[in-house]
Amino acid sequence: MEPRQLRVFCIGLQNHWLSHWGSRPDVEVVGVSNRYQEANEHYAHLPQFEDIQGALQKLNPDLVTMVTPPYAKTCMETIRTVVESGFDIYLEKFRPQSWEDGATMVSLSRSRGRQIAIGESYRFDKFVEQAKRVILSGKLGELGQIVWRCQRPNIRAAWMNEYEHVMLEDLTYHHLGVIHYMIGAERFNQVFATSVLPSWSIEKSPSVVSLLAQSNEGLHLNYYASWAAHSAETSWLGEFQLDGSEGSLQLRGDRLVFIHHDGAEETIVPDESNGFELRAGIVNEFMAACMQGRKSDLDISSFQPVIRMIQASLESVRTGNKVDI
């Protein structure tokens with residue numbers, strides 16, 4: 001007897017997210033809600049609902065997921081409706097109207113005994129997974145410094161102007177999520193950040209970020225990211241260097257390299273993927289948490305250190321001062 005398909009209700013119609021659910025043979029998308037009034041030609045064949053609470057009562061899905069388009073903000077009213085209706089909710093990404101919404105979601109989750117989870121696609125990158133394995137092995141020794149660099153080209157994208165500081169609130173958010181996954185962002189206790197708009201930027205939200213963070217035990221983060229780079233383009237993940245007492249682990253393009261004390265380089269080949277990387281990895285984790293009846297590794301409470309770090313960085317940008325996290 002084949003196992004029953006997981007019955008999924010999707011809020012939002014972004015194809016880059018829904019396609020991962022619709023393509024899985026172990027998932028049945030039982031309905032969708034066009035919460036953000038998007039073009040829906042890809043999903044016109046599916047049952048559509050305007051009344052989300054009514055849809056949940058009628059369908060009683062196993063899993064509820066929500067995706068917010070880049071030009072919009074995560075709808076707290078919708079999250080509250082789902083949770084107060086007795087369902088967990090799994091978000092593709094957090095696009096807050098206010099970063100205080102993170103604490104609001106934690107409070108809502110705890111008071112209602114329901115799970116709110118936030119996707120983080122780069123956490124499921126094969127190089128990130130392998131880097132964490134190296135860190136956990138102790139091969140680096142005592143970690144002392146993280147250097148991170150990401151350079152993306154200048155682009156025309158009107159949605160970027162929906163952010164006060166697009167790089168810091170969008171792509172840096174992802175990078176800090178990866179750092180949190182690898183070593184724990186709660187270790188940092190102070191941050192100094194700048195966010196600037198280059199004169200040649202096409203859009204009008206600041207797109208170049210510099211960030212310095214430190215911990216009580218002497219760990220330092222030196223971070224730079226640009227969405228207006230002229231050259232030396234990196235991947236969306238960027239490149240990083242983790243320096244420890246026993247060596248340095250570096251991601252250079254599509255190579256993960258360990259540098260020994262004597263300067264000798266050792267290429268670290270990522271383990272074979274389970275077939276679920278990036279957004280597919282998020283979907284797989286959400287499904288596993290739901291089917292196993294456990295808290296997801298991507299639960300909002302686990303992500304709070306990243307949200308607090310973004311909040312402190314934004315305050316530093318506004319005040320020009322170092323800010324305690």
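This is a predicted model: local features need pLDDT of at least 70, side-chain atom pairs count only at pLDDT 80 or more; totals for chains, interfaces and linings use all residues.
Local features need pLDDT of at least 70 and side-chain atom pairs count only at pLDDT 80 or more, while totals for chains, interfaces and linings use all residues. Residues are numbered from 1 along each chain as its sequence is written, and side-chain values use heavy atoms, with hydrogens and water left out.

**View 1. Threonine 74 sits in a loop between strand S3 (63-66) and helix H3 (76-84).** Helices (H or I, at least four residues) and strands (E, at least two) are DSSP runs, numbered from the N terminus. With 4% relative accessibility, threonine 74 counts as buried (under 20% relative accessible area, 1.4 Å probe, protein chains only). Beyond four places in sequence, its contacts (heavy atoms within 4.5 Å) include Tyr36, Met66, Leu91 and Phe94.

**View 2. The largest pocket holds about 350 Å³ of space.** A pocket is an open set of points on a 1 Å grid over the protein atoms alone, where a 1.4 Å probe fits, with protein on both sides within 12 Å along at least five of seven lines; lining residues have an atom within 4 Å of a point. The volume is the space filled by probe spheres set on the points. Of the 16 lining residues, Lys93, Tyr122, Asp170, His174 and Arg279 lie nearest the centre. Domain 1 (6-118) and domain 2 (122-274 + 307-324) both contribute to the lining, so this pocket lies between them; the bounds come from an automatic or database domain assignment.

View 3. H7 gives the largest share, 4 residues.

How values were computed
Buried means under 20% relative accessible area, exposed over 50%, partly exposed in between (1.4 Å probe, protein chains only).
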